Amino acid sequence: MSTKTSGATVRRGRPRTTSSRENRAGLAFVTPTFLVVLVVVILPILWTVLLAFQNAKLVDIQENGLFGNWTLDNFQQVFGSPGFWSSLGTTLLYTVGATAGSILLGLVAALALRKPFRGRGILRASMLLPYVAPVVAVSFVWEVALSPQYGIVNEWGGKLLGWDDPIAFLSTRSYEVSLLGAHFDIPLALLTVIAFESWRYFPFAFLFMLARLQAVPDSLEEAAEVDGATLSQRFRHILLPQMMPVIALLSVLRFIMTFNKFDDIYLLTGGGSGTDVVAVRVYDFLTSRFDVGAASAQALILALVLMVLLGLYFMFFGKKVQEEQA
Amino acid sequence: MSRAQFEERFFGIARWVVIVFLAVITIVPFYYMLLLSVKPIDSLLVDPGSLWVSSKDFTLDTYRSVLKSTEDGGQGFLGMLGNSALVAVATVLLTLAAAVPGAYAVSRLKFFGSRHVSALFLAVYLFPATLLAVPLFVMFAKMGLSGSLVGLAIVYIAQTVPVSIYMMKNYFVTIPFSIEEAAAIDGASRLQTVRKVILPLALPTLMATGLYVFMIAWNEFLFALLFLAADPDKWTVSLGLQQLANGIEVSKTVLMAGSVILTIPVVILFFASERLLTEGLTSGADKG
């Protein structure tokens, strides 16, 4: 692992040591990738940090220098605005719901498709459709299918389930349901976008869990079966522990992705009816108010919240996951 | 009946219920999309619940209208398909060019910082796309690239480089070292080894990664919206469909035809390469 080049420098003229040559080659090979990431990711992020502390509007950004005119106005404005905290809460609910939903559905799907049957290959392939299809197209299909005027869901809901009135799934902030005489208000639009997100990303979880399931040695389960363990016991004590690392990894990945999600919600509801996640707010600040500073400040806060949450996760669960693996 | 027997029977049935349920939720939405795209709008409004189209209603006018150029009174999707294809292909080439050497270095060479590179590239995901969107939006406006398809492709690299490195790295480590050593003994430089030995062997992963990148670029919406919304000539299919759905009244069935056109290229590519792609994505998953 030593990267010292002393051997080459002391005795001049001799070829460099292998490790030093490898070091140089490695750095050379990584350079193109690194440059690209630097230009399109790292520099923009640093610039966002600067913008967040400046009073930058899109019109006067030409005159603004990179530095100077520091201000905390943006953060004051963001924290002070009434919608911010509730939208952060919505983001969290949405993320937790959609992450759990997609992983649960993925797990159930992986278990159901574990043993071969006729048509498994084709079903497995078509189950990935929601994940690979363009978000604009699938969100549009959901919009039409859920429409109160001409949507197939409301039509069938009326016929089969006896709904009295068509339900506006994507524009109802809270919907009253009565269950056993008690009345609840459920955030219907939010639940609908969570359902959409779970539907769209369960194939991703399914893929990873199926790959893991098929790597579990048969002998483990056979031994348990001989010992008289039932199906659910075998799942609980053998399969689940084997799956835990992959489930933990998927939870982190899906959480990060969903937390930052913009397009799915923007396309389905435009951020209305109680689905105003922070990512959509950033977009609104940027394009309808041209307030670059406030948009940057919000995006920055979103990233910071995510980092804190991940930090907490790894503090409490990181060790556990490693132990499970060991 | 013992508990074990009961469970065998119960889960035996539950399994088929789940399989049917999964088939319904994944196939029906796409069938519905296809179905509405070949119906006149009137028949949708008259009978929204119908899951069939009668032969006298069947029409392809929706496709004609969505593909025709705007001068001929259509929606100009043919031009948008060209834009999408251009952006997606450019993104694939640029991403592979940037990610192949990186993935090779990470999988093969020990160098200063090698253990942190993957972490750095994955950290890209921590930042919301909207966070990148703000400065890139401003930067591109300043550079005059904001209405440009090339600019869009450059931005997409950022979204695709981390996954590409991950997928290719997992494949590179399976190529035995001895092959490289043999090439080195024959006097090949490292660059020659990579080009003449590693790349041909890694063709499957290059294909899989390229296809995945193509899908991401073809499906992308946020940056297209930010950079191109003002310039209808440059719209990609995704952006065009969203703008039409939001803007002037175009009938839903015509828009469904647009959705089908947007979806078909990706689905064809996907089904042609499903095994390759899923293996590329999940390799390493079974190691937990």
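Predicted model: local features only at pLDDT ≥ 70, side-chain atom pairs only at ≥ 80, totals over all residues.
Colleague: Which residues is Phe206(A) in contact with, leaving aside its neighbours within four places in sequence?
Modeller: Residues are numbered from 1 along each chain as its sequence is written, and chains are lettered from A and ligands numbered from 1 in the order in which they are written. Contact means heavy atoms within 4.5 Å. Beyond its neighbours within four places, Phe206(A) touches Gly106(A), Ala109(A), Ala110(A), Leu113(A), Arg124(A), Met127(A) and Leu128(A).

Colleague: What is the area buried between chain B and chain A?
Modeller: The contact takes 95 residues from chain B and 96 residues from chain A. Leu126(B), Leu131(B) and Val134(B) lose the most area on the chain B side, together 7% of what that side buries. Buried area is the accessible area (1.4 Å probe) that two parts lose on being put together, summed over both. Carbon and sulfur atoms give 79% of the total, which is about 8,500 Å².

Colleague: How many salt bridges are counted between chain B and chain A?
Modeller: A salt bridge is a side-chain nitrogen of Lys or Arg within 4 Å of a carboxyl oxygen of Asp or Glu. Glu8(B) pairs in this way with Arg234(A) (3.9 Å, N to O), and Glu274(B) with Arg124(A) (3.4 Å, N to O). The latter pair runs from helix 14 (residues 274-282) of chain B to helix 5 (residues 120-126) of chain A. Over all chains the count is twelve, while between chain B and chain A it is two.

Colleague: Are Glu274(B) and Arg124(A) buried or exposed?
Modeller: Their side chains meet in a salt bridge across the chains. By relative accessible area, both Glu274(B) and Arg124(A) are buried.

Colleague: Why does Glu7(B) count as buried?
Modeller: Glu7(B) forms a salt bridge with Arg3(B) (3.1 Å, N to O). The two are four residues apart in helix 1 of chain B, so about one helical turn separates them. Arg3(B) is partly exposed, with a relative accessible area of 49%. Glu7(B) counts as buried because its relative accessibility is 7%.

Colleague: Which residues are linked with Lys261(A) in a network of salt bridges?
Modeller: Lys261(A) forms a salt bridge with Asp264(A), with the closest N and O atoms 3.7 Å apart. Both of these residues are buried. Linked with Lys261(A) in the network are Arg200(A), Asp263(A) and Asp264(A).

Colleague: Where in chain B is confidence lowest?
Modeller: Chain B averages a pLDDT of 85, and 97% of the residues score at least 70. Confidence is highest in helix 1 (residues 3-37) of chain B, at 92. The lowest mean, 70, belongs to helix 5 (residues 114-123) of chain B.

Conventions:
Heavy atoms only, no water. pLDDT = per-residue confidence, 0-100. Buried < 20%, exposed > 50% of the residue type's maximum accessible area, 1.4 Å probe, protein only.
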